[in-house]
Amino acid sequence: MTDADATNLAERTSSSVLELIGNTPLVEVSQLSPSPDVRLFAKLESQNPFGSVKDRIANAMIKRAYATGRLVKGQRILEPSSGNTGIALAAIAQIKGYPITILMPTSVSVERRQMLQIFGADIVLTPGEEGSNGAVRRAQEMAEKHPEWCFLYQYGNDANPRAHYETTGPEIMRDCPEITHFVAGLGTSGTLMGTGRYLREHKPEVKIIAIEPPLGERVEGLRNLEDGYIPPVFENWNGFELLDRKRVVRPRESIEWTRRLVAQTGIFAGLSSGASLAGAVKVANEIDEGTIVFVVCDGGWKYLSTGAYTDDLDVAEAAAEKIIYF
């Protein structure tokens, strides 16, 4: 192979799967819009190499920890996760040679545990009735007992929203400069804070809308800020000032719109994506015209065992109250 051939090959290929994180496609799904004057676009974060929007923050948190000396070669990583962040961290940790411990509730789908096992993570199960908040509390306790470990703590790690400020926001503005509304679920709040701040700085009239479940109800991947825990990321990035509004989406709505998303567009997504879509449709019903971008956080393959796509709707709704999907 000549030097020119080698250069051309390098330009056409990636040297690592980590280079494939980000630059996800934006797909129009306006057939789901209630108005011909309101366009809907889905940001397909499911196309990241480890399957979710959390690939971005996992890579960013590990890179930042290493650059600042918080993480050194061979050091154990610790993180609470109900699924996607843990999967991405485990995959990257395995590639880079870091042992990793993930705390997750027993109420996650079986596919989540299987993926963590495939990527070599040590899994510590926490009581399902405590949900994600319980896993966070127990991880904090474990971090105090093991100060020699690197506790990344996605809920308070600035690299989380920063990753979206530096990548997701610019990608959306590049691909859809017509955007008038950005809609995403409220979980760690990193996607909303980072992407929202970038969009607001570059197009001040853009509306930033958070999707949350009703207080006391569970919509996978989302949290209500009144449930007793506000992520430090949300406070540190001035979330209350950044958000224009919050829209409530119930479990049944998230299931219904997830099914519509796959049936009418072919996008097979997780239920938090259906919740974001349901919220985007609610926004579309309130405006005369506009362009709404919402986030498809991950694909649906990790939830097949839950029956969310195939069971009777009443059965699927009941299961959604017990299983943490995101």
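User: Before we start, what makes a residue buried, exposed or partly exposed here?

Analyst: Buried means under 20% relative accessible area, exposed means over 50%, and partly exposed lies in between, with a 1.4 Å probe and protein chains only. This is a predicted model, where local features need pLDDT of at least 70, side-chain atom pairs count only at pLDDT 80 or more, and totals for chains, interfaces and linings use all residues. Residues are numbered from 1 along each chain as its sequence is written, and side-chain values use heavy atoms, leaving out hydrogens and water.

User: Thanks! Why is Arg252 called partly exposed?

Analyst: Its relative accessible area is 27%, and partly exposed runs between the two cut-offs, so Arg252 belongs there.

User: What makes Asp314 and Arg252 a salt bridge?

Analyst: The rule asks for a side-chain nitrogen of Lys or Arg within 4 Å of a carboxyl oxygen of Asp or Glu. Here the N to O distance is 2.8 Å, so the pair qualifies. Asp314 lies in helix α12 (residues 313-320) and Arg252 in helix α10, so the pair ties together parts 62 residues apart in sequence. Arg252 also forms a salt bridge with Glu256, with the closest N and O atoms 3.7 Å apart.

Notes: Helix = DSSP H or I, 4+ residues; strand = E, 2+ residues; numbered from the N terminus.
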